[in-house]
Amino acid sequence: MAQQSHQFFELLKNDHRRAEQLMQQVSAASREQRQEPFITLRNELQAHFQIEEKFFYPKLLPIQDMKALVEDALDEHQEAKDLLSQLERIGFAAKDWQETFSELEDGIRHHHEDEEQEIFPKCTQFLKDQELTDMARKSVQEKEHFLTRAAKSSSARPGARRKPTGKEIHP
């Protein structure tokens, strides 16, 4: 695999590390202070899921040797999306918020491990270097666009303060 194609996997791994940092921030925050880092985490996870679901997984799903892994990963995305929605609905000060957030954390960490240890290495047998390079380029653009829209949407809501710079390539 050419060095340039590694860029796509590095982007996704950087997203994983960023999500893990944000999950730590949310866990360490008081009930009154968890909203802002949670909103950032939610936006970045949604952007990450979107680029994987738009550019990466559709290329792998038709490949029989990848199908079960991809279907499992997509199920994990949906579980995370459902938990993110549930966390917003129950409110940041609810007693069971931290328990639900811990479930999200466990699921995200498991998902990262599956991708990095199984999916990324195995998919290189089936995807060409140029495909991975193109996915990296498209992913950067898509993520910047998503986070910009999310920042505009969040800034209209009370309590939302952080706006992505557009140069961040992590979730």
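Leaving aside neighbours within four places in sequence, Phe-8 is in contact (heavy atoms within 4.5 Å) with Phe-56, Leu-132, Met-135, Ala-136 and Ser-139. The model is predicted, so that local features need pLDDT of at least 70 and side-chain atom pairs count only at pLDDT 80 or more, whereas totals for chains, interfaces and linings use all residues. Residues are numbered from 1 along each chain as its sequence is written, and side-chain values use heavy atoms, with hydrogens and water left out.

Phe-8, together with Phe-56, Leu-60 and Ile-119, touches the most other members of the largest nonpolar core, which holds 20 residues; such a core is a set of buried Ala, Val, Leu, Ile, Met, Phe, Trp, Tyr and Cys residues joined through side-chain atoms within 4.5 Å, buried meaning under 20% relative accessible area with a 1.4 Å probe, protein chains only. Two or more residues are given to this core by each of α1 (6–28), α2 (35–60), α3 (64–90), α4 and α5 (129–155), helices being DSSP runs (H or I, at least four residues) numbered from the N terminus. The largest share, five residues, comes from α2.

The axes of α1 and α4, lines fitted to C-alpha atoms over the stretch in contact, with angles from 0 to 180 degrees between N-to-C directions, come within 11 Å and cross at roughly 165°. The two helices are therefore roughly antiparallel, a term for angles over 145 degrees.

Conventions
Buried < 20%, exposed > 50% of the residue type's maximum accessible area, 1.4 Å probe, protein only. Parallel < 35°, antiparallel > 145°, perpendicular 65-115°, else oblique.
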